[in-house]
Amino acid sequence: MCTCQQTSGMTLPPTTIETLRAGLEADLEQYTRHSHDELQRIKRRIDDVNRQRRRWADLAMNDAVPLDIAKEEQASLAGQLVQLQHQMGSLTDTNEDHAAVIHRALATLERCGIAYAEAQPQARRELNRSWFDRIFVDVEHGEPVIDSADRTDTLEILTTAKVGARARVRIS
């Protein structure tokens with residue numbers, strides 16, 4: 001169960017941290033494998049398009065096809081090549097972003113309370129929104145106090161889940 005402390009915010013039990021760490025690392029590994037396969041597929045397709053471009057150039061040079069048809073095919077293939085190169089760049093950028101987010105999450109997992117305490121107000125609001133659907137505030141002795149809170153599904157899962165020996169956390 002998560003504990004809230006006045007000075008450091010939320011901390012997670014070591015077993016929860018290890019479960020989350022294992023799940024995030026497994027997710028990153030699976031995502032990396034999948035994106036590597038996708039990257040290889042795009043590279044094969046780029047090679048295929050380049051072969052087709054050379055083939056059409058050879059056909060045009062040897063007068064085997066009319067020049068206007070060869071130019072149309074070259075333009076179509078060039079468009080495909082641009083799309084594939086864009087997909088490859090996007091996939092590479094997404095991979096780097098995905099890995100960076102997971103590494104940042106892992107780096108702050110054990111010190112999430114400190115991160116919250118040191119965060120700027122806007123970042124704290126975003127963190128609150130990720131953990132709580134609603135926070136009910138009351139006033140006691142002239143001071144605001146948290147009366148109760150409705151947790152998000154994510155926080156509810158983290159605070160109530162029982163971890164079995166073969167449990168895996170799936171982060172989608």
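Predicted model: local features only at pLDDT ≥ 70, side-chain atom pairs only at ≥ 80, totals over all residues.
Set aside the neighbours within four places in sequence, and Ser 35 is in contact with Leu 91 and Asn 95; contact here means heavy atoms within 4.5 Å.

Residues are numbered from 1 along each chain as its sequence is written, and side-chain values use heavy atoms, with hydrogens and water left out.

**Around Ser 35**

Ser 35 sits in helix α1, which covers residues 14-61. (Helices are DSSP runs of H or I with at least four residues, strands are runs of E with at least two, and both are numbered from the N terminus.) Ser 35 counts as buried because its relative accessibility is 2%. The labels work like this: buried is under 20% relative accessible area, exposed is over 50%, and partly exposed is in between, using a 1.4 Å probe and protein chains only.

What does the side chain of Asn 95 make a polar contact with? Its partner is the side chain of Ser 35, at 3.0 Å. A polar contact is a pair of N or O atoms within 3.5 Å; within protein, one must be able to donate a hydrogen and the other to accept it, and residues adjacent in sequence count only if both atoms are side-chain atoms. The side chain of Ser 35 also reaches the backbone oxygen of Thr 32, at 3.2 Å. Asn 95 lies in helix α2, and beyond its neighbours within four places in sequence it is in contact with Tyr 31 and Ser 35.

**Helix α2**

Helix α2 runs over residues 67-109. Its 43 residues should span 63 Å at 1.5 Å a residue, and its end C-alpha atoms are 62 Å apart, so the two values agree. (The expected span is 1.5 Å times one less than the number of residues.) Among the buried residues of α2 are Leu 77, Leu 84, Leu 91 and Asn 95, and the buried residues of this helix pack against α1 and α3 (112-118). Leu 67, in contrast, is exposed, with a relative accessible area of 52%.

**Salt bridges**

The structure holds 7 salt bridges, each a side-chain nitrogen of Lys or Arg within 4 Å of a carboxyl oxygen of Asp or Glu. Here are some of them:

| Pair | N to O distance |
|---|---|
| Arg 21 and Glu 18 | 3.6 Å |
| Glu 38 and Arg 41 | 2.7 Å |
| Asp 48 and Arg 51 | 4.0 Å |

Arg 21 and Glu 18 are 3 residues apart in helix α1, which means about one helical turn separates them. Glu 38 and Arg 41 are also 3 residues apart in α1. An α-helix has 3.6 residues a turn, so residues three or four places apart point the same way. Arg 21 counts as buried at 18% relative accessibility, whereas Glu 18 is partly exposed at 44%.

Asp 48 and Arg 51 both lie in helix α1, about one turn apart. Salt bridges that share partners join Arg 45, Asp 48 and Arg 51 into one network.

**The whole protein**

Zooming out, the protein has 5 helices and 4 strands, in the order β-β-α-α-α-α-β-β-α from the N terminus. Buried residues make up 22% of its 172 residues.
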